[in-house]
Amino acid sequence: MDLARTFALAGGDALVHSRRDRLAAIQAAERTGDLSLTARIIGAYDVPAIWSRADDPEQSRAVVAAAERTLTALGPEGPADLRARLLATVAVESRSADLSGTEPKHAQQAALQAEALARDLADPALLAFALNGVFLQSFTRPGLAAVRDRIGAEILDLATRHELPNFAVLGRLVRLQSASALGDLDAATSHANAANQLAATTEAPLVSVLTRWFRARATAARSTEPGGPTAATAAAHYRAAESALQTAGMPGLHRGLFPLALLGLRLLHDRPAPTDPHLDWGPYRPWTRSLVLLTQDRIEEARATLAAVPEPPRDHMQEAMWCLTARAAVRLDERGIAARAAAALRDARAEHAGAASGMLTLGPVARYLAEAEACAGAG
(Lines give C-alpha, C1' and ligand atoms only; values in the text may rest on other atoms or scores of the structure.)
Protein backbone atom coordinates (compact mmCIF):
# COMPACT_ATOMS: atom_id res chain seq x y z
CA MET A 1 0.00 0.00 0.00
CA ASP A 2 2.90 2.37 0.69
CA LEU A 3 4.20 1.63 -2.81
CA ALA A 4 0.75 2.21 -4.29
CA ARG A 5 0.55 5.63 -2.62
CA THR A 6 3.97 6.56 -3.97
CA PHE A 7 3.21 5.40 -7.51
CA ALA A 8 -0.11 7.25 -7.54
CA LEU A 9 1.70 10.59 -7.45
CA ALA A 10 3.80 9.71 -10.50
CA GLY A 11 0.89 9.55 -12.94
CA GLY A 12 0.76 7.63 -16.21
CA ASP A 13 1.09 3.85 -16.06
CA ALA A 14 2.31 4.08 -12.47
CA LEU A 15 -1.01 5.64 -11.43
CA VAL A 16 -2.97 2.94 -13.26
CA HIS A 17 -0.93 0.20 -11.56
CA SER A 18 -1.31 1.98 -8.23
CA ARG A 19 -5.10 1.80 -8.42
CA ARG A 20 -4.94 -1.87 -9.42
CA ASP A 21 -2.55 -2.77 -6.58
CA ARG A 22 -4.64 -0.87 -4.07
CA LEU A 23 -7.76 -2.90 -4.86
CA ALA A 24 -5.76 -6.15 -4.81
CA ALA A 25 -4.40 -5.27 -1.35
CA ILE A 26 -7.91 -4.54 -0.06
CA GLN A 27 -9.24 -7.82 -1.40
CA ALA A 28 -6.33 -9.73 0.09
CA ALA A 29 -6.85 -8.07 3.47
CA GLU A 30 -10.56 -8.94 3.46
CA ARG A 31 -9.74 -12.59 2.76
CA THR A 32 -7.68 -12.78 5.96
CA GLY A 33 -10.75 -12.02 8.05
CA ASP A 34 -8.67 -9.59 10.13
CA LEU A 35 -10.99 -6.62 10.55
CA SER A 36 -8.38 -4.21 11.91
CA LEU A 37 -5.93 -5.07 9.14
CA THR A 38 -8.61 -4.56 6.48
CA ALA A 39 -9.57 -1.19 7.92
CA ARG A 40 -5.94 -0.06 8.01
CA ILE A 41 -5.30 -1.18 4.43
CA ILE A 42 -8.40 0.57 3.09
CA GLY A 43 -7.69 3.78 4.98
CA ALA A 44 -3.99 3.91 4.18
CA TYR A 45 -4.49 5.14 0.60
CA ASP A 46 -4.82 8.82 1.51
CA VAL A 47 -3.65 10.07 -1.89
CA PRO A 48 -4.96 13.61 -2.45
CA ALA A 49 -7.75 13.77 -5.03
CA ILE A 50 -8.64 16.94 -6.93
CA TRP A 51 -11.22 15.84 -9.51
CA SER A 52 -14.91 15.02 -9.02
CA ARG A 53 -15.07 12.27 -11.65
CA ALA A 54 -13.35 8.95 -10.90
CA ASP A 55 -10.78 7.51 -13.30
CA ASP A 56 -12.16 4.00 -12.79
CA PRO A 57 -15.76 4.16 -11.49
CA GLU A 58 -16.10 0.38 -11.17
CA GLN A 59 -12.99 0.19 -9.03
CA SER A 60 -14.19 3.11 -6.91
CA ARG A 61 -17.47 1.28 -6.29
CA ALA A 62 -15.52 -1.77 -5.14
CA VAL A 63 -13.44 0.32 -2.72
CA VAL A 64 -16.54 2.04 -1.32
CA ALA A 65 -18.28 -1.30 -0.87
CA ALA A 66 -15.29 -2.72 1.01
CA ALA A 67 -15.11 0.37 3.21
CA GLU A 68 -18.84 0.14 3.96
CA ARG A 69 -18.59 -3.56 4.87
CA THR A 70 -15.70 -2.85 7.18
CA LEU A 71 -17.45 0.10 8.83
CA THR A 72 -20.50 -2.06 9.49
CA ALA A 73 -18.37 -4.82 10.98
CA LEU A 74 -16.45 -2.39 13.20
CA GLY A 75 -19.67 -0.83 14.46
CA PRO A 76 -20.10 2.66 15.96
CA GLU A 77 -17.86 1.75 18.90
CA GLY A 78 -14.91 0.76 16.70
CA PRO A 79 -11.60 2.64 16.88
CA ALA A 80 -12.25 6.26 15.96
CA ASP A 81 -9.16 6.64 13.80
CA LEU A 82 -10.01 3.60 11.69
CA ARG A 83 -13.63 4.69 11.33
CA ALA A 84 -12.53 8.19 10.31
CA ARG A 85 -10.25 6.86 7.58
CA LEU A 86 -12.94 4.50 6.29
CA LEU A 87 -15.51 7.31 6.22
CA ALA A 88 -13.06 9.62 4.45
CA THR A 89 -12.43 6.88 1.90
CA VAL A 90 -16.17 6.58 1.23
CA ALA A 91 -16.38 10.35 0.76
CA VAL A 92 -13.36 10.58 -1.55
CA GLU A 93 -14.31 7.60 -3.72
CA SER A 94 -18.04 8.46 -3.96
CA ARG A 95 -17.70 11.09 -6.64
CA SER A 96 -21.10 12.33 -7.73
CA ALA A 97 -20.36 12.33 -11.45
CA ASP A 98 -19.94 8.55 -11.51
CA LEU A 99 -21.48 6.79 -8.55
CA SER A 100 -25.20 7.19 -9.24
CA GLY A 101 -25.88 4.05 -7.09
CA THR A 102 -24.21 5.70 -4.05
CA GLU A 103 -26.71 7.88 -2.28
CA PRO A 104 -25.26 11.46 -2.49
CA LYS A 105 -26.44 12.42 0.98
CA HIS A 106 -24.81 9.32 2.41
CA ALA A 107 -21.44 10.29 0.92
CA GLN A 108 -21.82 13.85 2.22
CA GLN A 109 -22.63 12.55 5.69
CA ALA A 110 -19.59 10.26 5.56
CA ALA A 111 -17.41 13.28 4.76
CA LEU A 112 -18.78 15.29 7.68
CA GLN A 113 -18.50 12.37 10.10
CA ALA A 114 -14.89 11.77 9.07
CA GLU A 115 -14.12 15.46 9.57
CA ALA A 116 -15.71 15.50 13.05
CA LEU A 117 -13.82 12.39 14.16
CA ALA A 118 -10.52 13.74 12.82
CA ARG A 119 -11.00 17.05 14.65
CA ASP A 120 -11.73 15.21 17.92
CA LEU A 121 -8.59 13.12 17.45
CA ALA A 122 -6.47 16.22 16.69
CA ASP A 123 -4.71 14.30 13.92
CA PRO A 124 -3.59 16.79 11.21
CA ALA A 125 -2.90 14.20 8.50
CA LEU A 126 -6.22 12.49 9.13
CA LEU A 127 -8.03 15.82 9.12
CA ALA A 128 -6.43 16.79 5.80
CA PHE A 129 -7.61 13.47 4.32
CA ALA A 130 -11.11 14.00 5.73
CA LEU A 131 -11.24 17.54 4.33
CA ASN A 132 -10.33 16.12 0.92
CA GLY A 133 -13.58 14.15 1.18
CA VAL A 134 -15.47 17.27 2.27
CA PHE A 135 -14.10 19.07 -0.79
CA LEU A 136 -15.19 16.32 -3.19
CA GLN A 137 -18.66 16.39 -1.64
CA SER A 138 -18.96 20.19 -1.95
CA PHE A 139 -20.50 20.24 -5.43
CA THR A 140 -24.07 19.89 -4.21
CA ARG A 141 -25.29 22.86 -6.27
CA PRO A 142 -23.86 25.58 -8.53
CA GLY A 143 -22.13 28.57 -7.01
CA LEU A 144 -20.05 27.11 -4.17
CA ALA A 145 -16.57 28.22 -5.22
CA ALA A 146 -16.14 30.39 -2.11
CA VAL A 147 -17.03 27.43 0.12
CA ARG A 148 -14.41 25.28 -1.60
CA ASP A 149 -11.84 28.04 -1.24
CA ARG A 150 -12.30 27.95 2.53
CA ILE A 151 -11.81 24.18 2.52
CA GLY A 152 -8.68 24.56 0.41
CA ALA A 153 -7.35 27.26 2.74
CA GLU A 154 -7.71 24.99 5.78
CA ILE A 155 -6.06 22.05 3.99
CA LEU A 156 -3.18 24.32 2.99
CA ASP A 157 -2.80 25.72 6.50
CA LEU A 158 -2.80 22.25 8.07
CA ALA A 159 -0.35 20.91 5.52
CA THR A 160 2.00 23.87 5.92
CA ARG A 161 2.05 23.76 9.71
CA HIS A 162 2.45 19.99 9.95
CA GLU A 163 4.73 19.34 6.96
CA LEU A 164 2.29 17.42 4.76
CA PRO A 165 3.60 18.43 1.32
CA ASN A 166 1.22 16.34 -0.78
CA PHE A 167 -1.77 17.91 0.94
CA ALA A 168 -0.16 21.34 0.61
CA VAL A 169 -0.26 20.75 -3.16
CA LEU A 170 -3.91 19.74 -2.86
CA GLY A 171 -4.73 22.90 -0.93
CA ARG A 172 -3.05 25.03 -3.59
CA LEU A 173 -4.93 23.28 -6.40
CA VAL A 174 -8.28 23.63 -4.63
CA ARG A 175 -7.61 27.34 -4.16
CA LEU A 176 -6.45 27.64 -7.78
CA GLN A 177 -9.76 26.15 -8.93
CA SER A 178 -11.78 28.39 -6.61
CA ALA A 179 -9.98 31.57 -7.66
CA SER A 180 -10.39 30.55 -11.30
CA ALA A 181 -14.13 30.05 -10.78
CA LEU A 182 -14.38 33.50 -9.22
CA GLY A 183 -12.46 35.08 -12.10
CA ASP A 184 -9.44 36.06 -9.99
CA LEU A 185 -6.69 35.05 -12.41
CA ASP A 186 -3.95 36.77 -10.42
CA ALA A 187 -4.72 34.74 -7.29
CA ALA A 188 -5.12 31.57 -9.33
CA THR A 189 -1.76 32.16 -11.00
CA SER A 190 -0.11 32.62 -7.61
CA HIS A 191 -1.55 29.28 -6.43
CA ALA A 192 -0.44 27.59 -9.66
CA ASN A 193 3.13 28.83 -9.20
CA ALA A 194 3.22 27.71 -5.58
CA ALA A 195 1.79 24.29 -6.49
CA ASN A 196 4.51 23.83 -9.10
CA GLN A 197 7.22 24.70 -6.59
CA LEU A 198 5.83 22.22 -4.07
CA ALA A 199 5.49 19.52 -6.72
CA ALA A 200 9.15 19.88 -7.60
CA THR A 201 10.07 18.86 -4.05
CA THR A 202 7.53 16.00 -3.81
CA GLU A 203 8.21 14.59 -7.28
CA ALA A 204 4.57 14.89 -8.39
CA PRO A 205 4.71 15.45 -12.17
CA LEU A 206 0.92 15.45 -12.53
CA VAL A 207 0.76 18.90 -10.95
CA SER A 208 2.49 20.57 -13.89
CA VAL A 209 -0.02 18.90 -16.23
CA LEU A 210 -2.87 20.53 -14.32
CA THR A 211 -1.23 23.94 -14.05
CA ARG A 212 -0.45 23.88 -17.77
CA TRP A 213 -4.17 23.56 -18.39
CA PHE A 214 -4.77 26.49 -16.06
CA ARG A 215 -2.38 28.66 -18.06
CA ALA A 216 -4.26 27.70 -21.23
CA ARG A 217 -7.53 28.67 -19.49
CA ALA A 218 -6.02 32.03 -18.52
CA THR A 219 -4.87 32.61 -22.10
CA ALA A 220 -8.38 31.85 -23.34
CA ALA A 221 -9.91 34.34 -20.91
CA ARG A 222 -7.44 37.06 -21.90
CA SER A 223 -8.04 36.45 -25.60
CA THR A 224 -11.22 38.52 -25.25
CA GLU A 225 -9.33 41.56 -23.94
CA PRO A 226 -8.05 44.39 -26.16
CA GLY A 227 -4.46 43.62 -27.08
CA GLY A 228 -4.69 40.15 -25.57
CA PRO A 229 -3.59 36.89 -27.19
CA THR A 230 -5.54 35.68 -30.21
CA ALA A 231 -8.11 32.91 -30.07
CA ALA A 232 -5.76 30.84 -32.23
CA THR A 233 -3.02 31.24 -29.62
CA ALA A 234 -5.40 30.13 -26.88
CA ALA A 235 -6.43 27.09 -28.94
CA ALA A 236 -2.76 26.18 -29.43
CA HIS A 237 -2.21 26.35 -25.67
CA TYR A 238 -5.16 24.02 -25.11
CA ARG A 239 -3.76 21.57 -27.68
CA ALA A 240 -0.38 21.54 -25.94
CA ALA A 241 -2.06 20.95 -22.58
CA GLU A 242 -4.14 18.16 -24.10
CA SER A 243 -0.99 16.41 -25.33
CA ALA A 244 0.46 16.43 -21.82
CA LEU A 245 -2.75 15.05 -20.32
CA GLN A 246 -3.14 12.13 -22.73
CA THR A 247 -0.58 9.97 -20.93
CA ALA A 248 -1.31 11.12 -17.37
CA GLY A 249 -3.42 8.09 -16.45
CA MET A 250 -6.48 10.19 -15.54
CA PRO A 251 -9.29 9.27 -17.97
CA GLY A 252 -11.92 10.67 -15.60
CA LEU A 253 -10.36 14.08 -16.12
CA HIS A 254 -9.19 13.66 -19.70
CA ARG A 255 -12.23 12.45 -21.65
CA GLY A 256 -14.12 15.29 -23.30
CA LEU A 257 -12.02 18.04 -21.76
CA PHE A 258 -10.30 19.26 -24.92
CA PRO A 259 -13.47 19.57 -27.07
CA LEU A 260 -15.20 21.33 -24.18
CA ALA A 261 -12.29 23.77 -23.89
CA LEU A 262 -12.51 24.52 -27.63
CA LEU A 263 -16.27 25.03 -27.35
CA GLY A 264 -15.73 27.42 -24.45
CA LEU A 265 -13.18 29.37 -26.45
CA ARG A 266 -15.60 29.65 -29.36
CA LEU A 267 -18.40 30.82 -27.08
CA LEU A 268 -16.11 33.50 -25.62
CA HIS A 269 -15.74 34.85 -29.17
CA ASP A 270 -19.40 34.35 -30.17
CA ARG A 271 -18.52 31.64 -32.64
CA PRO A 272 -20.49 28.42 -33.32
CA ALA A 273 -19.67 25.08 -31.75
CA PRO A 274 -16.97 22.92 -33.37
CA THR A 275 -18.36 20.11 -35.55
CA ASP A 276 -15.26 18.00 -36.15
CA PRO A 277 -16.58 14.39 -36.06
CA HIS A 278 -13.32 13.17 -34.54
CA LEU A 279 -13.82 15.15 -31.33
CA ASP A 280 -14.66 12.89 -28.39
CA TRP A 281 -17.07 14.84 -26.20
CA GLY A 282 -16.96 12.09 -23.57
CA PRO A 283 -19.29 12.62 -20.60
CA TYR A 284 -20.22 16.14 -21.78
CA ARG A 285 -21.94 15.05 -25.00
CA PRO A 286 -25.56 15.30 -23.73
CA TRP A 287 -25.08 19.02 -22.96
CA THR A 288 -22.97 19.95 -25.99
CA ARG A 289 -24.90 18.04 -28.65
CA SER A 290 -27.67 20.60 -29.18
CA LEU A 291 -25.18 23.38 -29.92
CA VAL A 292 -23.27 21.16 -32.37
CA LEU A 293 -26.53 20.32 -34.16
CA LEU A 294 -27.45 24.01 -34.30
CA THR A 295 -24.14 24.75 -35.99
CA GLN A 296 -25.11 22.14 -38.60
CA ASP A 297 -28.58 23.72 -39.02
CA ARG A 298 -30.25 20.55 -37.76
CA ILE A 299 -32.79 22.53 -35.80
CA GLU A 300 -35.40 19.91 -34.97
CA GLU A 301 -32.76 17.39 -33.95
CA ALA A 302 -31.26 20.03 -31.70
CA ARG A 303 -34.67 20.72 -30.17
CA ALA A 304 -35.30 17.03 -29.51
CA THR A 305 -31.83 16.62 -28.00
CA LEU A 306 -32.35 19.61 -25.72
CA ALA A 307 -35.74 18.30 -24.59
CA ALA A 308 -34.08 15.08 -23.44
CA VAL A 309 -31.04 16.64 -21.76
CA PRO A 310 -30.63 15.48 -18.13
CA GLU A 311 -29.73 17.57 -15.13
CA PRO A 312 -25.92 17.88 -14.99
CA PRO A 313 -23.93 15.80 -12.51
CA ARG A 314 -22.98 17.69 -9.39
CA ASP A 315 -19.33 18.09 -10.22
CA HIS A 316 -16.70 20.59 -11.36
CA MET A 317 -18.52 21.19 -14.66
CA GLN A 318 -22.09 21.64 -13.48
CA GLU A 319 -22.13 25.40 -14.02
CA ALA A 320 -20.73 24.89 -17.53
CA MET A 321 -23.36 22.27 -18.40
CA TRP A 322 -26.18 24.49 -17.16
CA CYS A 323 -24.78 27.39 -19.21
CA LEU A 324 -24.69 25.21 -22.33
CA THR A 325 -28.28 24.19 -21.63
CA ALA A 326 -29.21 27.85 -21.23
CA ARG A 327 -27.49 28.87 -24.48
CA ALA A 328 -29.21 26.11 -26.48
CA ALA A 329 -32.58 26.95 -24.91
CA VAL A 330 -32.18 30.62 -25.86
CA ARG A 331 -31.18 29.75 -29.42
CA LEU A 332 -34.22 27.49 -29.76
CA ASP A 333 -36.59 29.77 -27.78
CA GLU A 334 -37.37 26.97 -25.36
CA ARG A 335 -38.61 29.15 -22.53
CA GLY A 336 -39.33 26.43 -19.98
CA ILE A 337 -35.86 24.97 -20.27
CA ALA A 338 -34.35 28.45 -20.16
CA ALA A 339 -36.24 29.13 -16.93
CA ARG A 340 -34.96 25.87 -15.41
CA ALA A 341 -31.36 26.72 -16.34
CA ALA A 342 -31.72 30.25 -14.97
CA ALA A 343 -33.01 28.94 -11.64
CA ALA A 344 -30.03 26.60 -11.36
CA LEU A 345 -27.51 29.32 -12.21
CA ARG A 346 -28.64 32.22 -10.03
CA ASP A 347 -26.43 31.36 -7.07
CA ALA A 348 -23.44 31.14 -9.45
CA ARG A 349 -23.93 34.53 -11.10
CA ALA A 350 -20.56 35.78 -9.75
CA GLU A 351 -18.65 32.79 -11.13
CA HIS A 352 -17.22 31.78 -14.51
CA ALA A 353 -18.70 28.73 -16.23
CA GLY A 354 -16.39 25.72 -16.29
CA ALA A 355 -13.66 27.65 -14.52
CA ALA A 356 -14.17 25.68 -11.29
CA SER A 357 -12.09 23.07 -13.09
CA GLY A 358 -9.18 25.49 -13.19
CA MET A 359 -8.67 24.22 -16.74
CA LEU A 360 -11.11 25.97 -19.08
CA THR A 361 -13.77 28.66 -19.19
CA LEU A 362 -16.98 29.42 -21.05
CA GLY A 363 -17.02 32.96 -19.71
CA PRO A 364 -19.08 34.65 -16.99
CA VAL A 365 -22.15 32.78 -15.79
CA ALA A 366 -23.91 36.15 -15.56
CA ARG A 367 -23.94 36.39 -19.35
CA TYR A 368 -25.74 33.06 -19.80
CA LEU A 369 -28.02 33.77 -16.86
CA ALA A 370 -29.15 37.10 -18.31
CA GLU A 371 -29.90 35.49 -21.67
CA ALA A 372 -31.85 32.66 -20.05
CA GLU A 373 -33.85 35.03 -17.85
CA ALA A 374 -34.71 37.21 -20.84
CA CYS A 375 -35.82 34.18 -22.84
CA ALA A 376 -37.85 32.74 -19.97
CA GLY A 377 -39.57 36.06 -19.37
CA ALA A 378 -40.29 36.76 -23.03
CA GLY A 379 -43.70 35.14 -22.88
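Student: In this predicted model, which residues of the largest nonpolar core touch the most other members, and what makes a set of residues such a core?

Tutor: Among the 128 residues of the largest nonpolar core, Trp213, Tyr238, Met317 and Leu324 touch the most other members. The set is called a nonpolar core because its members are buried residues of the nonpolar types, joined through side-chain atoms within 4.5 Å. Helix α11, which covers residues 206-222, supplies the largest share of this core, 10 residues.

Student: Which residues does Tyr238 touch?

Tutor: Leaving aside residues up to four places away in sequence, Tyr238 touches Trp213, Ala216, Arg217, Ala220, Phe258, Ala261, Leu265, Met359, Leu360 and Thr361.

Student: Why is Ala218 called buried, and where is Ala218 found?

Tutor: Ala218 is found in helix α11. Its relative accessible area is 5%, and buried means under 20%, so Ala218 is counted as buried.

Student: How do you know whether Thr325 is buried or exposed, and what does Thr325 touch?

Tutor: Thr325 has a relative accessible area of 3%, and since the limit for buried is under 20%, the conclusion is that Thr325 is buried. Thr325 belongs to helix α17, residues 318-332, and touches Trp287, Leu306, Val309 and Ile337, again not counting residues up to four places away in sequence.

Student: What makes Glu203 count as exposed, and where is Glu203 found?

Tutor: Glu203 is found in the loop between α10 (185-202) and α11.

Student: How do you know whether Gly377 is buried or exposed?

Tutor: Gly377, in the segment after α19 (365-376), has 60% relative accessibility, and because exposed begins over 50%, Gly377 counts as exposed. Gly377 and Ala339 are 38 residues apart in sequence, while their C-alpha atoms are 8.1 Å apart in space.

Student: Why does the radius of gyration of the protein chain agree with that of a compact globule?

Tutor: A compact globule of 379 residues would have a radius of gyration near 21 Å, and the protein chain has 21 Å, so the two agree. The C-alpha trace spans about 60 × 40 × 35 Å along its principal axes, and the secondary structure comes to 19 helices and 2 strands.

Student: What percentage of the residues is buried, and what share of the contacts joins residues 24 or more positions apart?

Tutor: Buried residues make up 54% of the 379 residues in the protein chain. Of the contacts with a separation of 6 or more, 68% come from residues 24 or more positions apart.

Student: How many positive and negative side chains does the protein chain have, and what share of its accessible surface belongs to carbon and sulfur atoms?

Tutor: The protein chain has 40 positive and 42 negative side chains, with the centres of the two sets 4 Å apart. Its accessible surface comes to about 15,600 Å², and 52% of that belongs to carbon and sulfur atoms.

Technical notes
Residues are numbered from 1 along each chain as its sequence is written. This is a predicted model: local features need pLDDT of at least 70, side-chain atom pairs count only at pLDDT 80 or more; totals for chains, interfaces and linings use all residues. Side-chain values use heavy atoms; hydrogens and water are left out. Buried means under 20% relative accessible area, exposed over 50%, partly exposed in between (1.4 Å probe, protein chains only). Helices (H or I, at least four residues) and strands (E, at least two) are DSSP runs, numbered from the N terminus. Contact means heavy atoms within 4.5 Å. The radius of gyration is taken over C-alpha atoms; the globule rule is 2.2 Å times the number of residues to the power 0.38. Accessible areas come from the Shrake-Rupley method with a 1.4 Å probe; for residues, only the protein chains shown count as cover. Lys and Arg count as positive and Asp and Glu as negative; His and the chain ends are not counted. The place of a charge is taken as NZ of Lys, CZ of Arg, CG of Asp or CD of Glu.
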